[in-house]
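Trainee: Please take a close look at one part of this model, the place where the two chains meet. I would like one connected account.

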Amino acid sequence: MLTKRIIPCLDVKDGRVVKGIKFLNLRDAGDPVELGARYSDEGADELVFLDITATIRSRETIVELVEKVAKNVFIPFTVGGGIQTVEQMDTLLRSGAEKVSVNTAAVQNPDLLTEAAQRFGSQCTVLAIDARRSKQHAGKWQVCVKAGSEPTDIDVVEWAAKAEKLGAGEILLTSMDADGTKAGYDNELNKAVTDAVNIPVIASGGAGTLDHLYDAITIGNANAVLMASITHFQNYTINQIKQYLKDRGVPVNL
Amino acid sequence: MIIVIDYNVGNVKSVCNAFHHIGCEAKLSADPSDIEGAAGLVLPGVAAFGYAVDALSSLAETIKKVALNGKPLLGICVGYQLLFDESCEYGRHNGLGLVSGNVVPLPADQVVPHMGWNLVNMPDDMDLFTDLRPEKHFYFAHSFYADVTDIGAQIASTDYGFPLPAAVQKKNIYGTQFHPEKSAKTGLKVLRNFAQICERGD
C-alpha cells in the first residue's frame, strides 16, 4: 500500500533556512544542505525547498543549492519559488531536483503546466497554491500570488481542478491562515481540494502537534503532510511522527 | 566503469551522484564508444515518454545492440519504460522493444500519479534485490506503467489497487519503475547490487 508522506519544508532566504508565521516574522533555522541531510538520515520521505526571495540572483544561488543537496541527499525533493519558465524547470531538474513547483507563473500563464507536463511528465509538475479564506464567500478560499502578498479572484478549488486537467501532477496546498500558527491544518480546505482532484495533495500550513498531522491525513484526506516549525526546531523527530501515525493505523514508511 | 546515458532529460546527475556516494565509478556520457566499452549501462529518465524517445534518438540503436550482446542495462523510471515495446503517453511512441509489454496509463480509480513510497515484493530470483528480500519500500513517481507481457521476464510488484509491476529482469536487462537513486539506503543498495552485476560481467 502506498504510504502517507512526511515532508519537511525548507524555506530558503539568502542561503539560509528560515521559518515565519503567516509568511512574516522570519526566524533562522539553519543551513539548507545540513538540514536536508539531517532529514534524509532521520527518514523523511521527501523534502521541499522554497526560494522565498525568488530574485534573479537568488535563482542562481538556488541552482547551486540544488546541486549541493543532490550530492548529499538521496530522497526526492521539490524546488519552488519564483519559477516562471520550462527552461528554469529544466535547469533545476537537471541539477538534481525530482520535482519543480510553480505558483504565481501558473496563475498568470496556466499553459505553463501543460508545457511542463508534456516535457517532464506530470509527476515532475507541482502546482503550489497559497490559499486564504474568502471574507466575502463563506466556505470558499481565494488563490493568493506573489508569495501570498496579492489576493486574486480565483477560487482555490476550481483552480486546483483546472490545474489537474492542464497537467499538474501534484498540489502543494498551503493555508495562509494557518501557516506557522501551529494551530492545525485547514482541513476544510484540504478536504475541499482532495475531493475535487485525483492527483496527490500535500497539506501545508499549521502543523503544531502530531494530532494535526493525523487529522490532515484522515479528515483532510491529504496524501502527504508538509511541516516546518515542528521539525526544524526539533519539537519532534521524523521517527516520532511516523511511529505516532503508524500506531494510529496510518500507513507510513518506517 | 558504469556509463549513465546522458540524453538531455532530468535526473541523470542524481543517478551519478548516487553511484559516487556508494563508491562506484560512474560517468555521464552520450558517446557511443563509451557505451560500447562500458561494464554496464544505466538509462535514467525523468521526462515524458515521447520527449525521452526523441532525446535518445540515434543512441537507441547503440543501446539496443550492446544490450542484446549481453551488457548489463538498468532502466530507471522513464528509462525503464523505454525498455518496452511502446507507450501511449501524449501520443503513440515506440520504445526499445527489449522487454515485451506496453506502457499504459494507471487506472483512474487510484490517485494518479502514483507518488510516494510503496512496498515492493521481491521474487527470490532477481539479483537486483540481493540482501533486500522479501519486501522494502521504494519511491515511485509516475502516471503510466508497463503492462509486462514478456514470459521471459521476472517481475517484482507493488500494490496499487492491483499488482503494479515495480521492477523487471530479463537476462542482462533490468529495470525499475521506482527511483533507486531517490529511495534512501534501500535504493542505494539496489544500485550497489547492479554495480556488482556489472563487475561480474554477466
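Mentor: In the interface, 35 residues of chain A are in contact with 39 residues of chain B, contact meaning heavy atoms within 4.5 Å. This is a predicted model, in which local features need pLDDT of at least 70 and side-chain atom pairs count only at pLDDT 80 or more, while totals for chains, interfaces and linings use all residues. Residues are numbered from 1 along each chain as its sequence is written, chains are lettered from A and ligands numbered from 1 in the order in which they are written, and side-chain values use heavy atoms, with hydrogens and water left out.

The size of an interface is often given as the accessible area lost when the parts come together. Here chain A and chain B bury about 3,100 Å² between them, and 52% of that lies on carbon and sulfur atoms. Buried area is the accessible area (1.4 Å probe) that two parts lose on being put together, summed over both. Of the area that chain A buries against chain B, 24% is supplied by Leu2(A), Phe74(A) and Arg94(A), more than by any other three residues.

Next come the polar links. Between chain A and chain B the count is 16 residue pairs in polar contact, both residues at pLDDT 80 or more. A polar contact is a pair of N or O atoms within 3.5 Å; within protein, one must be able to donate a hydrogen and the other to accept it, and residues adjacent in sequence count only if both atoms are side-chain atoms. The count of salt bridges between chain A and chain B is 1, a salt bridge being a side-chain nitrogen of Lys or Arg within 4 Å of a carboxyl oxygen of Asp or Glu. The side chains of Glu67(A) and Lys13(B) meet in a salt bridge, at 3.4 Å from N to O.

On the side of chain A that touches chain B, the elements giving two or more residues are α2 (56-72), α3 (86-95) and α5 (111-120) of chain A. Helices (H or I, at least four residues) are DSSP runs, numbered from the N terminus. The largest share of that side, 4 residues, comes from α5(A). By type, the residues of that side divide into 14 nonpolar, 11 polar and 10 charged. Ala, Val, Leu, Ile, Met, Phe, Trp, Tyr, Cys and Pro count as nonpolar, Asp, Glu, Lys and Arg as charged, and the others, Gly among them, as polar.
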